Amino acid sequence: MASPSVSTSKNNNLVNRIDALPASAGLWRFITLLALGGFFELYDLFQTGYISSGLIAENIFHIGSEGVFGISDQAAFASATFLGLFIGASLLAPYADRFGRRMTFMFALAWYGAFSLLMAFQNQAEWIIFCRFLVGVGLGIELVTIDTYLTEWVPTHLRSKAFAYAFFVQFLSVPTVALMSWWLVPQTLFGLTGWRYVVIAGALCSLIIWFIRKNLPESARWLAQQGRHQEAHQVLSKMEQRCGAPVGQGISPTDAAAQLPQQGTFKEIWSAQYRKRTLMLVVMNFFQAIGFFGFGNWLPALLSGKGTTVTHSLLYAFFITLAYPLGSLICSRYADRMENKWQIVLSCLMTVVFGTLFAFQTNALLLIACGFLITWSNAWLTYSYHAYQTEIFPTHIRARAVGFCYSFSRLSTVFSSIMIGLILQYAGTQGVIAFIVASMLMVMLSVGIFGPKTRGINLENI
């Protein structure tokens, strides 16, 4: 029998103290504050498909071989976004393991807000695409850091529910950008074309959120792992007070959360313990991004390919994108009742079924219905895999491992954006949907066969 120690006391153990945080208004306000930054990240991310028609109408973007790089400028714009995301997630997000979650995402938020604002005032395709690449770098850092931050602060029994709720808040941005694009893109106000207002609004609001989030605490798990036990106790005590929970007595240097190395290495994610998980997540991320962004970023173009006008396609897209927040909100009711790996598999299956139906629809109402259900399944997939991939690595390599695996979703989209543009040109909407369906089948196989279980297990024991 283990001898009693300070670290085994429930009132003195970091993991137990975090797991004891009640699902109070204070905790949900904290999660909402984190999610607000993600709101403008996704707003920025989903601009790609919605503002492109305005850029084409202003003769800044050109289609086909007339584009800057000999391909559609919309495809190059999307590819530049995801190339930046790849670099941000793979090369820069690991700094969150070194400098902390809070400092890293505050830097990233300011970075992409500033370059997004700069992009709004460019008049040449080359500069818009370059600025978009720099925006993508900041987004890549921020998205990974928020995921690691959230999973480290939320009690075990609330992890999936917290991610579902956070993505409900973040996904409100998608119908927002769709509605603003439908309203603003066809217009010119005060000498500025409408697409510029869509970009400016997101950039300014993200910079406002930067000031709101300045007072967020650092991750207590990260502080303990760095040997900063007193700071970890202080931020955790404030969180306990915020949530109305009893304040713990302290964090011992012998606490399990403090026993991890202070610095992780890239080599560790390929150790025998984590190699299979790393490969599984690489495959999952590579193919899920094709399905998610293939449909999300190209939705107006897919609808136009079905014979709808630009205005109607943007309006239809608005109704379809309502499924992002609504799907996440409804899924939050049962998110913690099922293994995340099976939620990933079932959400991909849903995309396969309704994606196939979407390809053969011509009726406007049925197009919207199928598109709505595909979007719902994408929302379900998103919160499930974002929660899942942060659960299966330890604190000292979490941002590094997640950033590396997540970056493959961005790398795949660099090429799939070009491929989807070509497929749409030569095989139409049905060809694009077939490409998406095949990609989702690969996700189902990789996660269903090789993914570990995580439901109800402390991060330190997965």
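Q: What does Ser409 touch, leaving out residues up to four places away in sequence?
A: Ser409 touches Asn285, Phe286, Gln288 and Ala289. Contact here means heavy atoms within 4.5 Å. Bear in mind that this is a predicted model, where local features need pLDDT of at least 70, side-chain atom pairs count only at pLDDT 80 or more, and totals for chains, interfaces and linings use all residues. Residues are numbered from 1 along each chain as its sequence is written, and side-chain values use heavy atoms, with hydrogens and water left out.

Q: Which helix is Ser409 in?
A: Ser409 is in helix H19, residues 398-450. Helices (H or I, at least four residues) and strands (E, at least two) are DSSP runs, numbered from the N terminus.

Q: And is Ser409 buried or exposed?
A: Ser409 counts as buried because its relative accessibility is 0%. The cut-offs are under 20% relative accessible area for buried and over 50% for exposed, with partly exposed in between (1.4 Å probe, protein chains only).

Q: OK, Thr382 next. Where does Thr382 sit?
A: Thr382 is in helix H18, residues 364-391. Thr382 is buried, with a relative accessible area of 4%.

Q: What is Thr382 in contact with, neighbours within four places aside?
A: Phe167, Phe171 and Phe292. There is also a C-alpha separation of 9.1 Å between Thr382 and Ser347, which are 35 residues apart along the chain.

Q: Switching to helix packing. At what angle do H6 and H10 pack?
A: About 155°, with the axes 8 Å apart; H6 is residues 101-119 and H10 is residues 194-212. Axes are lines fitted to C-alpha atoms, for helices over the stretch in contact, and angles run from 0 to 180 degrees between N-to-C directions. So H6 is roughly antiparallel to H10. Angles under 35 degrees count as roughly parallel, over 145 as roughly antiparallel, 65 to 115 as roughly perpendicular and the rest as oblique.

Q: Is the crossing of H6 and H10 left-handed or right-handed?
A: Left-handed. That term applies if the near helix is turned anticlockwise from the far one by less than a right angle, and right-handed if clockwise.

Q: Which residues make that H6 and H10 contact?
A: From H6, they include Met106, Leu109, Tyr112 and Leu117, and from H10 they include Trp195, Val199, Leu204 and Trp210. By class, the contact has 15 nonpolar, three polar and no charged residues. Ala, Val, Leu, Ile, Met, Phe, Trp, Tyr, Cys and Pro count as nonpolar, Asp, Glu, Lys and Arg as charged, and the others, Gly among them, as polar.

Q: How do the axes of H6 and H7 cross?
A: At roughly 155°, coming within 8 Å. H6 is therefore roughly antiparallel to H7. H6 passes H7 in a left-handed crossing, and their contact has 17 nonpolar, five polar and five charged residues.

Q: What covers the buried residues of H12?
A: The cover includes helices H1 (14-19), H2 (25-45), H7 (125-153) and H11 (220-225). Among the buried residues of H12 are His229, Leu236, Met239 and Cys243.

Q: And what follows H12?
A: Gly244, with a positive phi near 75°.

Q: Which loop is Asn59 in?
A: The loop between helix H3 (47-57) and helix H4 (73-92). Asn59 has a positive phi of about 65° although it is not a glycine, and Asn59 is exposed at 58% relative accessible area.

Q: What about the phi of Phe190?
A: Positive, about 55°, although Phe190 is not a glycine. Phe190 lies in the loop between strand E1 (188-189) and strand E2 (192-193), and is exposed, with a relative accessible area of 83%.
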